[in-house]
Amino acid sequence: MSLHVSWEEYNALVERLALQVHESGWPFNQVICIARGGLRVGDVISRIFELPLAILSTHSYTAEGGMLRGQLVIAEHMTMTAPRLGERVLLVDDMVDSGHTLEAVFKELPQRFPHITALRTAVLWYKACSVCKPDYFVSYLPENPWIHQPFEAYDTLRPDQLKMKLDGGRTERSAGASVQNPSTDA
């Protein structure tokens, strides 16, 4: 079973999640996203709430086209847009599938950063098979579908294919047109 999501649907889900968090009235001063899936969600939420974004990379899908979970690795460091991590943290990801990543990061953050006084979680999709329930979610999935997100097209697109894709439609139109170097334009 699969769920295919367009860019329009994806963006609407992120906006609905942001509104849900806002309407809860919970005050937070930091957004942490779990990369890679939570990057887009975290970026948009940090922009809407005008709060700093921190990025924590994790990795666990290693085989069978990214469908088989391996050992979870949580990066030692975070990238942050503020000099210090906030105390009231909204931890975001795209989905809670098995729940192991979200649960592990949720437990790890207060150990690494003891000044965190409050921590809540937010995702777009919450699957029933998850070992943990996020505080905020837009779509509850009683089944366990594989979610095909719109940016997955880039998982298999390589630079040479991109060149062919982009050049394919304009080779005839751009014949004879010259490309100017912006650094030499005055």
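Predicted model: local features only at pLDDT ≥ 70, side-chain atom pairs only at ≥ 80, totals over all residues.

Reader: In what order do the elements of the protein chain run from the N terminus on?

Author: The secondary structure of the protein chain comprises four helices and ten strands. These are DSSP runs numbered from the N terminus (helices: H or I, at least four residues; strands: E, at least two). Read from the N terminus on, the order is β-α-β-α-β-β-β-β-β-α-β-β-β-α.

Reader: Are α1 and α2 parallel, perpendicular or oblique to each other?

Author: Helix α1 covers residues 7-24 and helix α2 covers residues 39-49; their axes lie 10 Å apart, at an angle of about 50 degrees. Angles under 35 degrees count as roughly parallel, over 145 as roughly antiparallel, 65 to 115 as roughly perpendicular and the rest as oblique. The relation of α1 to α2 is therefore oblique.

Reader: Which residues of α2 make the contact with α1?

Author: With their axes 10 Å apart, α1 and α2 pack against each other. On the side of α1, the contact is made by W7, Y10, V14, L17, A18, V21 and H22. On the side of α2, it is made by R40, V41, V44, I45, I48 and F49.

Reader: What is the relative accessible area of I48?

Author: I48 is found in helix α2. Its C-alpha is 9.5 Å from that of L19, although I48 and L19 are 29 residues apart in sequence. Buried means under 20% relative accessible area, exposed over 50%, and partly exposed in between (1.4 Å probe, protein chains only). I48 is partly exposed, because its relative accessible area is 47%.

Reader: Which residues have the most contacts inside the largest nonpolar core?

Author: In soluble globular proteins, nonpolar side chains tend to be buried together. A nonpolar core is a set of buried Ala, Val, Leu, Ile, Met, Phe, Trp, Tyr and Cys residues joined through side-chain atoms within 4.5 Å. In this chain the largest such core has 27 residues, and those with the most contacts inside it are L90 and W125.

Reader: Which element gives the most to this core?

Author: At least two residues of the core come from each of α1, β2 (30-35), α2, β6 (88-92), β8 (118-127) and β9 (136-141). The element that gives the most, with six residues, is α1.

Reader: Is A118 buried or exposed?

Author: A118 belongs to strand β8. Residues up to four places away in sequence aside, A118 is in contact with W26, E87, R88 and V89. A118 and R88 are 30 residues apart in sequence, yet their C-alpha atoms are 4.7 Å apart in space. Because its relative accessible area is 14%, A118 counts as buried.

Reader: Which residues does T101 touch, not counting residues up to four places away in sequence?

Author: T101 is found in helix α3 (residues 100-112). At 16% relative accessibility, T101 is buried. Beyond four places in sequence, its contacts are with I34, T58, S60 and L72.

Reader: What is the C-alpha to C-alpha distance between L39 and S57?

Author: L39 is located in helix α2, and L39 is partly exposed, with a relative accessible area of 30%. Leaving aside residues up to four places away in sequence, L39 touches C33, I34 and I55. L39 and S57 are 18 residues apart in sequence, and from C-alpha to C-alpha their distance is 9.4 Å.

Reader: Which peptide bond is cis?

Author: The bond in question has an omega near 20 degrees. One of its two residues, R36, lies in the loop between β2 and α2. The cis peptide bond runs from A35 to R36.

Reader: What is the phi of E50?

Author: E50 is placed in the loop between α2 and β3 (53-63). At 72% relative accessibility, E50 counts as exposed. Its phi has a positive value, in a residue other than glycine, and is near 55 degrees.

Methods:
Residues numbered from 1 in each chain as written. Heavy atoms only, no water. Axes fitted to C-alpha atoms, helices over the stretch in contact; angles between N-to-C directions. Contact = heavy atoms within 4.5 Å.
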